Amino acid sequence: MSLDWYLVVSAMIFCIGAAGVITRRNPLVVLLCLELMLNAGNLALITFSRMWGNGDGQVFAIIVMVVAACEVTVGLGVIVAMYRRRLAIDVDDLRELHG
Amino acid sequence: MTDFAWLVLAAPLAGMIIIALGFKVWPGRLAGWIGTLAIFASFVLAVITFLKLQDADEHHKQVASTLFDYANTVGVDAKLTILVDPLSVMMILVVTGVSTLIHLYSVTYMNRDEGISRYFAYLNFFVFSMLLLVLAGNFFILIIGWAFVGAASYLLISFWYRRKTATKAGIKAFVINVVGDIGLTLGTFFIFKHTGTLDFLGTFSQAGDIGTNNGDLVAGCVLLLVGAFAKSAQVPFHTWLADAMEGPTPVSSLIHAATMVTAGVYLIARMWPLYEVTPAAANVGAIVGCATLIIAATIALAQTDIKRVIAYSTMSQIGYMIMAVSSGAYAAGMFHFMTHAFFKALLFMGAGSVIGAMAGVQDMNKMGGFRKVLPFTFITMLAGALALSGIPPFSGFFSKDEILADVAQRGGFHWILFVIGYIGAFITAVYTFRMMFRVFAGKRVAEAEELAHGHLAHAEVHRNPTDGEVEDTDVGFPGPEHYIAERAIPMKIAMGILAILATIAGALQIPTVTDAIHKFLTPTFEGSKYYESLNPSNSFTFTFMAVGAVLGLLGILLAWQIWVRRPGTSARIQARFQPVYTFLWNKWYFDELLDALFVKPIAWMGRFANQTFERLVINDAIVGGTTMLVRAGSAAVRAAQSGLMRSYAAVLVLGVGGVALYFLLQS
């Protein structure tokens, strides 16, 4: 099977994730979509790793997973804290830091 | 001998540092004794240097010695060099000797002032600066000493810093002296341009080869004269000296007698090889000296503040010296410097004693009848006044008449200077004895009456003698000046020694008899065109000595007629010649003239810079313009910072997509 197919799938997943991040307002869904984008990246990394017969890409993929896990942990913590303070769970309403 | 000369400098410096370090711990009086001792040590070392110099053989009487190189690049040899020769040794002897006595006098006079430690630290610094100036072996050290003296005079003139008039006078003195410093520095540049060396001896050895009235050298020498005129209070830079009377009386004594104002005389005498090849510059010096001596003498006739009368007398006498050294009468000029240091220091000390008896009042209109109640002050001041008026056998007689005889010997337009010099001598006798008679003769005033009964008058409230403003006697204001020579041993010693010197010092240089100063200074002035040739014949000298003595006596007689025999005469003369009197009372309107020419335009420029230029250009255009630019730029990009996370993500994705597309199309 040619590598192209893997990369096409990866690109599709990435686009779905990106579209989700851009269009959805619920932070939980945004986080889910971010995970999709990261996984698309991982898929591409592993594909290339296979292509070169080299383990580096796999190592990177694992590091990305760890980073993603950490990010989600922090992100969920922030969302829970917001919920506790009865703030709107809507990324568009959270714009206190605008210029 | 240069070893000892270096120590001459070190002693006052050490004294200043010790006093400055210990002023919080020790009582003020100790600072006084330390300061006096430091200057006395300096005097002893100066005497040793003098003795060593006398031992040196004929060809080794000019010794330069270098402590270390300050900078030695591109041919500039800026070294820490002192030059020991008869001229500088004579200067350090007089400076340290008279300064020791002034310090001794100050120990009592300033005793009750709260700032006494500060006072003595400044005083030692002043003497150190002056010694550095006269011992300088190159222009570099000379400029340092020159500027230090100006700074020290500022500190001492505005010593009572809470008096507005005192700080104003200090600033005036400082600014005028800085003008002089600029002249001196620029003049040094001109001379350096020609000779390529800053060293005195190197410069002088080349002076002969340059040729008469070389343009650059004349410019340099005239600029040096600007420095000399500012320091020595010559027309038109003389206005600061009368205002400098705001300082304590011993400070006036120090500035007028031993230090500061004599620096200009010394400078011209030191630079004689340059002035002899630039007669144009030397003539400027002689004419300005002569103008000053007559202008200051006439002003002194009308002043009523006792210290100001003596101050104008100093300008007048320095005028004689400047005229002498500019005309080539170096020995006579330096001789007059020495005798003047003795009798002028003495006159100021006497004035201090009288002011002490008057509880701080300096106006001669309020004085009178002190002769019997201040006998010691009267006798010593009389010796000083006779010396100043040029009455034989007092010292001033010999020095002043030698100057005039030598100037006449030059011939040409110097004859005019000579005649004016004699008119000045006559006026000197008149105003000196006007002062003496008004203070010591006549009806006893209340203060003198009190003193006759053994009480010193105490001022109920202290007032500024210039504007009558009420003062307290806290730090920064004058302490109670209640010391009179009659009751203070140190003051008595200082005045006694000076009175003896003022009386007998003339014996050092009696024409054809002793001539000691002339012989002593010969090594310095070897090779001078005028030094040996300006030697008026005996009949000439003695004729004009007699004329000088007669003029002095006539002056005293006139003063006696006006102020003692017929007391109303002065008021009648004043009413008769009202315009002349007003003109003299206002000091020939020099202050107003300088105000209109320099102070007002520069103040206007300052106001323009401050209020118009700074506000429009600096604040609005440069500072305001920069902030405005940043503000406008930030306003433009602020819209992009919406805080909407999703729009940021969209922009990011679009951007990454765009970059990816670009690379895809490239490949």
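Me: Where is Ala233(B) found?
Reply: In this predicted model, Ala233(B) sits in the loop between α8 and α9 of chain B.

Me: What is the phi of Ala233(B)?
Reply: Ala233(B) is not a glycine, yet its phi is positive, at about 55°. Most residues other than glycine have a negative phi.

Me: And is Ala233(B) buried or exposed?
Reply: Ala233(B) is buried because its relative accessible area is 0%, and the cut-off for buried is under 20%.

Me: Which peptide bond is cis, with Pro236(B) in it?
Reply: The bond from Val235(B) to Pro236(B) is cis, and its omega is near 0°. Pro236(B) belongs to the loop between α8 (215-231) and α9 (239-243) of chain B. As a general point, most peptide bonds are trans.

Me: What joins Pro392(B) and Pro393(B)?
Reply: A cis peptide bond joins them, with omega about 0°. Pro393(B) is placed in the loop between α16 (375-389) and α17 (395-410) of chain B.

Me: Back to phi. What about Ala359(B)?
Reply: Ala359(B) is not a glycine either, and it has a positive phi of about 60°. This residue lies in the loop between α15 (330-357) and α16 of chain B. With a relative accessible area of 12%, Ala359(B) is buried.

Me: What does UniProt list for residues 136-428 of chain B?
Reply: The unreviewed UniProt entry gives that range as "domain: NADH:quinone oxidoreductase/Mrp antiporter transmembrane". In the model, residues 136-428 of chain B are 78% helix and 0% strand.

Me: Now chain A. Which residues does the "transmembrane region" annotation cover?
Reply: According to the unreviewed UniProt entry, the annotation covers residues 6-22, 29-48 and 60-83 of chain A.

Me: How much helix is there over residues 6-22 of chain A?
Reply: That span is 100% helix and 0% strand, and its end C-alpha atoms lie 24 Å apart. Residues 29-48 of chain A are also 100% helix with 0% strand. There the end C-alpha atoms are 29 Å apart.

Me: A change of topic: how many disulfides does the structure hold?
Reply: There are 0 disulfides over all chains. Cys33(A), for instance, is in no disulfide, and the nearest cysteine sulfur, that of Cys15(A), is 12 Å away.

Me: Is Cys33(A) buried or exposed?
Reply: Cys33(A) is buried, with a relative accessible area of 10%. In chain B, Cys221(B) is buried at 0% relative accessibility.

Me: Where does Lys61(B) lie, and is it buried or exposed?
Reply: Lys61(B) is in the loop between α2 (28-55) and β1 (63-73) of chain B. The residue counts as buried because its relative accessibility is 12%.

Me: What is Lys61(B) in contact with, leaving aside its neighbours within four places in sequence?
Reply: Its contacts are Leu53(B), Gln54(B), Ala56(B), Val84(B), Asp85(B), Pro86(B) and Pro523(B).

Me: Last one. Which residues make the nonpolar surface patch of about 850 Å²?
Reply: The patch is made by Trp604(B), Met605(B), Phe608(B), Phe613(B), Leu616(B), Val617(B), Ile618(B), Ile622(B) and Val623(B). One of them, Phe608(B), is in helix α25 (residues 590-638) of chain B. At 40% relative accessibility, Phe608(B) counts as partly exposed.

Note on methods
Residues numbered from 1 in each chain as written. Chains lettered and ligands numbered in written order. Predicted model: local features only at pLDDT ≥ 70, side-chain atom pairs only at ≥ 80, totals over all residues. Heavy atoms only, no water. Helix = DSSP H or I, 4+ residues; strand = E, 2+ residues; numbered from the N terminus. Buried < 20%, exposed > 50% of the residue type's maximum accessible area, 1.4 Å probe, protein only. Contact = heavy atoms within 4.5 Å. Disulfide = S-S within 2.5 Å. UniProt positions renumbered as here; feature names shortened; annotations may be inferred. Patch = residues over 30% accessible without salt bridge, like charges linked within 9 Å, V, L, I, M, F, W, Y side chains within 5 Å. Areas by Shrake-Rupley, 256 points an atom, 1.4 Å probe, with all protein chains shown as cover. Salt bridge = Lys/Arg side-chain N within 4 Å of Asp/Glu carboxyl O.
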